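Hi everyone, thanks for coming. Let me put a structure up on the screen, and then I'll walk you through a few parts of it.

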Amino acid sequence: MNRFNYVAVNIIETLLRVIPIPCKVGMLTIGRPDRGSPVFLTCNYHLTVRRVKRALKGIDCYLLVANSNGHNVWCGATGGHFTNHDVISVLRTTGIERLVDHRKVILPQLAATGIEAEHIRKRTGWKVIWGPVYAKDIQAFVENTFQKTVKMRGVTFPLASRIEMAIMWAFPFSIIASLITICVWPEVLLPLNGFIWALPFLIFVFFPLYVRRLNPKKKGVGFSRYTVVFDFGRTPLILWGLSMSFLLGFSAITNSFTWPLILRWGFIFLVIILIVSLDLMGSTPIYKSGLHGDRFLKIVLDERKCRAAGFCEQVCPRNCYEVGGSRHIATMPGAEKCVQCGACIVQCPFDALYFIGPDGEILPPATVRRFKLNLLGKRLKAAEKNAGLSL
Amino acid sequence: MKVLESAPDRYDAGIRILTFGRLDKSYDRLASHIKSGHKALDIGCGTGALTLRAAQKGANVKGIDVNLRMLEIAQKRAHEMHVTQNVEFCEMGVAELDAEESENYDIVMSGLCFSELTGYEVIYTLNEIKRILKPGGILLIADEVRPGRLSKRMFNRLIWLPLGIITYILTQTVTHAVENLPEMTEKAGFLIESVRLNRMGNFIELIGTKPGE
């Protein structure tokens, strides 16, 4: 029964993946924890909590669920929904401080974009340990005396996650398109839905075949900046124009021109173009969204400030860093893999890292910590008008 | 997934529409308890609705909120109303109230904040308020609550759904009407001076005092 429930929750919430689904904030007891048991902390996205609970099976521990308004860890922390305040709040208000003698809390690594370990320590005395990216690695992480391997630190985009993404896009698309189709052209309901499901699957399943040809540095964001989930390239728009002119030409030649025909086929073409123009890079953990101007930012290391503390290496989800070596500082041999998440900048205790923009504008650590990343690229704007702030 | 835009700029307008303007009247009534020279704390001050009212009465007010963008708007408004000398805004959550000294405030107030807190936080916050208020100090709360009567609760649910969706679209926060707020306040050791519910029974104005010695 439990297993059935778990599978059902996974299916339903994968279909609804675009919507944040909150669950209860607070403290959960797993197994029979004692005063020395580890304390884990995660966000309150319902699916995350279910998966983490499952991953923690067999470990006697406490799981704190902090308020992220139902957003997942990475989006929540990067977008300002999962913050220092939320972490401090569960540490303080759930009574965990009376239950354990130590003051170490294990956070998911991807929370490092928004939660400042140093700030948490100063305000609460709790030391943040960055756990693995994926819950499935928690058991190995615990067995490895709470040390992460390189693999546990990196985000991946395997077939299972790609299928999840395909479903995440296909489901809301098919619902909205079905509602419209039922009203205007019920006959095509089934074939259109077949198409809406098949296309994202094809796009995501065959991702490895064309991934080399994706260009995260393509210039300009254009009006895609305002389209929330669509990253319009020029090609799909030209194709749409061509298909519409073909449609008009065809109907003119065969003398079958009627407005309903044009509108119906125009709608079908539009749906296809929209699916093709989905923010593909933003749906992967290995690229920055094509909608963010932030993808042009570059990380710069100030070698004079670096003390090789290694926090950057611990929190980088792309394993860009190597720390130590003969010069005893951090280096970025994997810099080209960077997804501009900013975690390394946020966590560096010496402020040795910062972003530099395409026109040479500098985003210092204070700006990155303070202005979360969001749709309208406020972080970049903030950098521009940074000077006149009073608070 | 990527709809991450937080929306303080729209917050004021959004809330005003959703509360049908009753909020301003509520805040005015609560602010009438504040006197010149009082030391006041506004928990979850947002864009400063209560803070600025108190400041205009001549109180020294500290407004705390977790949303930096809202605080920036509040600060701007304080500037426009020429009350910057007696207000202070601070990015701080309720769980950080332990940084405040004991018995330091004459007034602690909170508008539409408790409904954004989790159950643990509500209890923690009430206890902290009790600690930081001077004996005889006043607690002022205006917030959404769960109606006591079943019929009203059902009706409330019915109209909440569309309103909840609109609130979410406008402000990207969901509120959870607080249950048993007067009881919890009493349990935290306050004396309830008055409770005023609106006709729907879903909005409360609560005035409590910390017992004197």
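First, some housekeeping. This is a predicted model, where local features need pLDDT of at least 70, side-chain atom pairs count only at pLDDT 80 or more, and totals for chains, interfaces and linings use all residues. Residues are numbered from 1 along each chain as its sequence is written, chains are lettered from A and ligands numbered from 1 in the order in which they are written, and side-chain values use heavy atoms, with hydrogens and water left out.

Let's start with chain B. It has 7 helices and 7 strands; helices (H or I, at least four residues) and strands (E, at least two) are DSSP runs, numbered from the N terminus. Reading from the N terminus, the order of elements in chain B is α-α-β-α-β-α-β-β-α-β-α-α-β-β. Of the 213 residues in chain B, 51% are buried. Buried means under 20% relative accessible area, exposed means over 50%, and partly exposed is in between, with a 1.4 Å probe and protein chains only.

Now, the salt bridges. Side chains of opposite charge can pair when their charged atoms come close. The rule here is a side-chain nitrogen of Lys or Arg within 4 Å of a carboxyl oxygen of Asp or Glu. How many salt bridges does that rule give over all chains? The count is 19.

One of them joins Glu164(A) and Arg17(A), at 2.5 Å from N to O. Glu164(A) sits in helix H9 and Arg17(A) in the loop between helix H1 (2-15) and strand E1 (26-30) of chain A, so this pair ties together parts that are 147 residues apart in sequence. Are these two buried or exposed? Both Glu164(A) and Arg17(A) are buried. The two also belong to a network of salt bridges that links Arg17(A), Arg51(A) and Glu164(A).

Compare that with Lys136(A) and Asp137(A), whose side chains meet in a salt bridge at 3.7 Å, N to O. Lys136(A) counts as exposed because its relative accessibility is 64%, while Asp137(A), at 16%, counts as buried.

Over in chain B, Glu128(B) and Arg131(B) form a salt bridge at 2.8 Å, again N to O. Both are in helix H5 (residues 119-132) of chain B, 3 residues apart, which is about one turn of the helix. Glu128(B) has 11% relative accessibility and so counts as buried; Arg131(B) has 24% and so counts as partly exposed.

On to empty space. Rolling a probe the size of a water molecule over the atoms shows where empty space is left. On a 1 Å grid over the protein atoms alone, a cavity is a set of points where a 1.4 Å probe fits but cannot get out, and lining residues have an atom within 4 Å of a point. Searching the whole structure gives 2 cavities of 30 Å³ or more.

The largest cavity holds about 100 Å³ of space. It is lined by 15 residues, and the closest to its centre are Cys306(A), Ala309(A), Gly310(A), Cys312(A) and Cys348(A). By class, that lining has 13 nonpolar, 1 polar and 1 charged residues. For the classes, Ala, Val, Leu, Ile, Met, Phe, Trp, Tyr, Cys and Pro count as nonpolar, Asp, Glu, Lys and Arg as charged, and the others, Gly among them, as polar.

The second largest cavity has a volume of about 80 Å³. Which of its 14 lining residues are closest to the centre? They are Cys316(A), Pro317(A), Cys338(A), Cys341(A) and Cys344(A). This lining has 11 nonpolar, 2 polar and 1 charged residues.

Next, the surface. Ile175(A), Ile176(A), Leu179(A), Ile180(A) and Val184(A) make a nonpolar patch of about 440 Å². Patch residues have over 30% relative accessible area and no salt bridge; like charges are joined within 9 Å, and nonpolar side chains (Val, Leu, Ile, Met, Phe, Trp, Tyr) within 5 Å. Ile175(A) lies in helix H9 (residues 159-184) of chain A, and its 40% relative accessibility makes it partly exposed.

Ala308(A) has a positive phi of about 55° although it is not a glycine. This residue is in the loop between strand E6 (298-301) and helix H14 (311-315) of chain A, and at 16% relative accessibility Ala308(A) counts as buried. Asn180(B) also has a positive phi, near 55°, and is not a glycine either. You'll find Asn180(B) in the loop between helix H6 (150-171) and helix H7 (181-187) of chain B, partly exposed at 45% relative accessible area.

That's my tour, and I'm happy to take questions.

Technical notes: Areas by Shrake-Rupley, 256 points an atom, 1.4 Å probe, with all protein chains shown as cover. 1 Å grid on protein atoms, 1.4 Å probe; cavity = no way out; pocket = protein on both sides within 12 Å on 5 of 7 lines; lining within 4 Å. Points joined across faces, edges and corners; volume = space filled by probe spheres on them.
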